[in-house]
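Good morning, and thank you for making time for this presentation.

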There are 2 protein chains.
Amino acid sequence: MKTVYSEAHRGHSGHGELVAGAIVPGFEKPERAEIIRARIDEVDLGPVVPPAAQTLATAHKLHDAAYLAFLPQVWALWRAEGRHGPAMPFAWPVPGLRRDVEPERIDARLGFHSFDGGASFVAGTWTAIRAAHDVALTAADLVADGAPAAFALGRPPGHHAGARFMGGYCYINNAALAAERLRERGAARVAVLDIDYHHGNGTQDIFYARDDVVFVSIHGDPKTEFPFFLGHADETGTGAGAGFTRNLPLPAGTGWEAWADALDAACDEVARHRPDALVVSLGVDTFAGDPISRFRLDSAHFPRIGRRLARLGLPTVFVMEGGYAVEAIGVNAVGVLAGFEE
Amino acid sequence: MKTVYSEAHRGHSGHGELVAGAIVPGFEKPERAEIIRARIDEVDLGPVVPPAAQTLATAHKLHDAAYLAFLPQVWALWRAEGRHGPAMPFAWPVPGLRRDVEPERIDARLGFHSFDGGASFVAGTWTAIRAAHDVALTAADLVADGAPAAFALGRPPGHHAGARFMGGYCYINNAALAAERLRERGAARVAVLDIDYHHGNGTQDIFYARDDVVFVSIHGDPKTEFPFFLGHADETGTGAGAGFTRNLPLPAGTGWEAWADALDAACDEVARHRPDALVVSLGVDTFAGDPISRFRLDSAHFPRIGRRLARLGLPTVFVMEGGYAVEAIGVNAVGVLAGFEE
């Protein structure tokens with residue numbers, strides 16, 4: 001399959017993230033994409049192509065207009081305050097506080113549009129976000145044009161970005177963009193299957209009331225695993241979307257057998273909705289060696305995931321999400337893709 | 001007037017806070033209370049007495065039970081994860097995420113019960129919180145017993161602590177405790193007047209639907225000033241509490257003349273409700289030299305504030321809130337109290 005990739009991700013580097021009472025170097029770093037890129041050549045997965053130029057029109061169907069208008073401004077606003085380090089919020093509008101008045105100060109605006117301290121900005125962040133956006137839409141176009149599959153190798157990832165919030169390394173929801181583009185190009189129904197360790201809270205937020213995009217996710221139980229506040233089994237959609245969201249949370253420590261059973265259940269759920277196309281939020285932080293996740297898959301399991309997904313027989317856009325065991329990320333991510341193509 | 005004070009605040013020390021993309025030493029530090037304590041003796045304000053033992057029964061009328069049960073456990077839970085630095089959340093349940101399921105992991109529970117990264121815990125934090133709680137209730141009892149005024153010199157402060165959230169250096173709402181204790185002791189209606197630079201979002205949250213406790217606040221406009229997401233002029237109460245909240249936001253840079261006009265308006269609002277007693281949330285971060293606030297009051301203005309408050313002719317409990325220009329905090333805080341007693 002073709003991979004869509006842009007070097008523009010490299011500028012999103014040197015940012016920090018808030019975790020366990022400290023600001024640490026971002027686990028979501030450029031090496032991740034570079035190692036996957038190298039592995040694609042190593043196994044001769046297929047051509048690597050640049051993204052086509054894209055407008056933000058599709059993003060505007062998924063994200064709040066004020067949110068999208070804010071993202072490109074963040075770094076300049078932060079620098080205007082005389083600050084040099086990564087831009088990050090320090091207060092959030094939790095229930096009981098107001099979300100109907102957007103504040104004016106950069107710190108407050110960052111909090112207003114986020115749910116954590118894990119989506120910080122440096123000078124190159126917006127350029128990388130915009131490139132990942134173009135990458136996802138271009139990969140979806142390849143599939144809409146007839147390719148059986150395509151791989152959107154962008155970063156930052158996207159599945160924690162909701163209609164109005166960033167967080168968890170994510171700003172614009174690339175998988176949601178791919179799904180929406182497939183809809184624009186004629187698919188009556190699209191399924192998003194999220195196999196990242198962390199629940200795709202942003203994707204669920206965006207599609208929760210819709211019946212034309214099914215969301216199915218296998219992930220660490222939010223009672224103990226990030227992003228914590230969404231992804232429980234009793235969340236099944238609302239309004240027209242009732243029945244079109246399916247969460248399969250699994251306890252930390254889950255190994256291949258139980259995870260593979262969940263994948264079977266997830267694939268059955270996808271098939272039951274008879275979608276015309278599939279978007280896979282491809283996280284490989286389910287790997288046993290991942291530094292911030294707690295499932296126990298081995299590298300040998302990832303091709304098996306790809307083979308199982310291929311059995312759905314659907315045109316498929318793979319969108320890169322998480323995976324932080326950098327030394328293994330190429331083998332694991334490309335392992336899924338190669339398994340899919342066998 | 002008598003001051004109620006406990007040395008137990010001293011253990012809440014060495015904590016950090018998240019601000020402007022960094023974790024910095026807490027501005028809310030032990031020296032604050034110690035310098036005020038010394039100034040009380042210097043000007044012979046009156047006796048300094050220890051708090052009487054108190055149960056959490058009054059706190060349970062103001063704060064959520066799960067929240068109160070969580071606070072004493074934080075440090076042990078954090079240490080159980082092998083961590084030594086200050087305990088702080090890193091994700092928050094903003095709108096779109098769930099607040100009806102309390103997560104199990106300490107990081108998530110901290111976020112579930114807070115709105116920022118400004119209320120961190122160290123080994124002595126709970127002991128200090130509990131002592132500040134006892135201090136506030138004891139001061140209220142002194143006034144209920146007939147003293148014209150008393151000063152609750154506790155820390156951490158409390159006015160950013162809501163029914164279900166901590167933040168902004170605050171954990172249990174000491175001013176709300178004092179107001180509730182005055183109600184318990186026979187006052188039909190109590191007014192809380194908050195003159196801290198920062199809006200008392202926690203106090204407003206607690207009393208917003210009540211008509212027996214009036215909340216009036218003068219503060220930096222939340223569009224640009226912390227805590228950002230509450231404290232606008234159009235917030236006036238809800239249900240039975242409609243008309244019993246009054247916010248007087250002022251722009252950053254406001255000096256004495258405009259601030260004094262707002263104080264007159266605030267006092268008129270208090271008087272209009274004919275309360276039986278007054279609680280003053282006493283922040284002196286309105287001082288021009290404050291490192292994290294932006295009004296421009298001089299030390300000479302603080303006694304004038306005290307004299308204006310005295311003209312209300314109400315039994316008054318002063319509860320210490322903010323003020324971070326440590327070298328001036330004694331002169332400024334005790335200046336208000338001495339002015340009140342003139």
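First, the conventions. This is a predicted model, in which local features need pLDDT of at least 70 and side-chain atom pairs count only at pLDDT 80 or more, while totals for chains, interfaces and linings use all residues. Residues are numbered from 1 along each chain as its sequence is written, chains are lettered from A and ligands numbered from 1 in the order in which they are written, and side-chain values use heavy atoms, with hydrogens and water left out.

Let me begin with the interface. Contact here means heavy atoms within 4.5 Å, and 48 residues of chain A are in contact with 48 residues of chain B. The two chains bury about 4,200 Å² between them, with 69% of it on carbon and sulfur atoms; buried area is the accessible area, with a 1.4 Å probe, that two parts lose on being put together, summed over both. Of the area that chain A buries against chain B, 19% is supplied by Phe90(A), Arg98(A) and Phe229(A), more than by any other three residues.

Turning to polar terms, a polar contact is a pair of N or O atoms within 3.5 Å; within protein, one must be able to donate a hydrogen and the other to accept it, and residues adjacent in sequence count only if both atoms are side-chain atoms. Between chain A and chain B, 16 residue pairs are in polar contact, both residues being at pLDDT 80 or more. The elements giving two or more residues to the side of chain A that touches chain B are β2 (16-19), β3 (22-25), α5 (106-112) and α8 (201-207) of chain A. α5(A) gives the most to that side, with 4 residues. Helices are DSSP runs of H or I with at least four residues, and strands are runs of E with at least two, numbered from the N terminus. By class, the side of chain A that touches chain B has 27 nonpolar, 8 polar and 13 charged residues. In this scheme Ala, Val, Leu, Ile, Met, Phe, Trp, Tyr, Cys and Pro count as nonpolar, Asp, Glu, Lys and Arg as charged, and the others, Gly among them, as polar.

How many salt bridges does the rule find across the interface of chain A and chain B? The rule finds 4 there, where a salt bridge is a side-chain nitrogen of Lys or Arg within 4 Å of a carboxyl oxygen of Asp or Glu. Arg98(B) and Glu235(A) meet in a salt bridge at 2.7 Å, N to O. Over all chains, the count comes to 54.

Within chain A, Arg210(A) and Asp212(A) form a salt bridge at 3.0 Å, N to O. Both Arg210(A) and Asp212(A) are buried; buried means under 20% relative accessible area, exposed over 50%, and partly exposed in between, with a 1.4 Å probe and protein chains only. Glu342(A) pairs with Arg307(A) in a salt bridge, their closest N and O atoms being 2.9 Å apart. This pair links distant parts of the chain, 35 residues apart: Glu342(A) in the segment after α11 (326-341), and Arg307(A) in helix α10 (residues 301-310), both of chain A. Glu342(A) is exposed at 66% relative accessible area, and Arg307(A) is partly exposed at 36%.

Now two buried side chains. Arg32(A) lies in helix α1 (residues 30-42) of chain A and is buried, with a relative accessible area of 2%. The side chain of Arg32(A) reaches the backbone oxygen of Gly323(A) at 2.6 Å. His12(A), in the loop between β1 (2-5) and β2 of chain A, is buried at 1% relative accessibility.

Finally, two helices of chain B. In helix α10 (residues 301-310), the buried residues are His301(B), Phe302(B), Ile305(B), Gly306(B), Arg308(B) and Leu309(B). They cover an arc of only 165 degrees around the axis, so they lie on the same side of α10(B); the arc is that of the directions from the helix axis to the C-beta atoms. Helix α7 (residues 174-184) of chain B has 9 of its 11 residues buried and is therefore largely enclosed by the rest of the structure. At the start of α7(B), a side-chain oxygen of Asn173(B) comes within 3.3 Å of the backbone nitrogen of Ala175(B).
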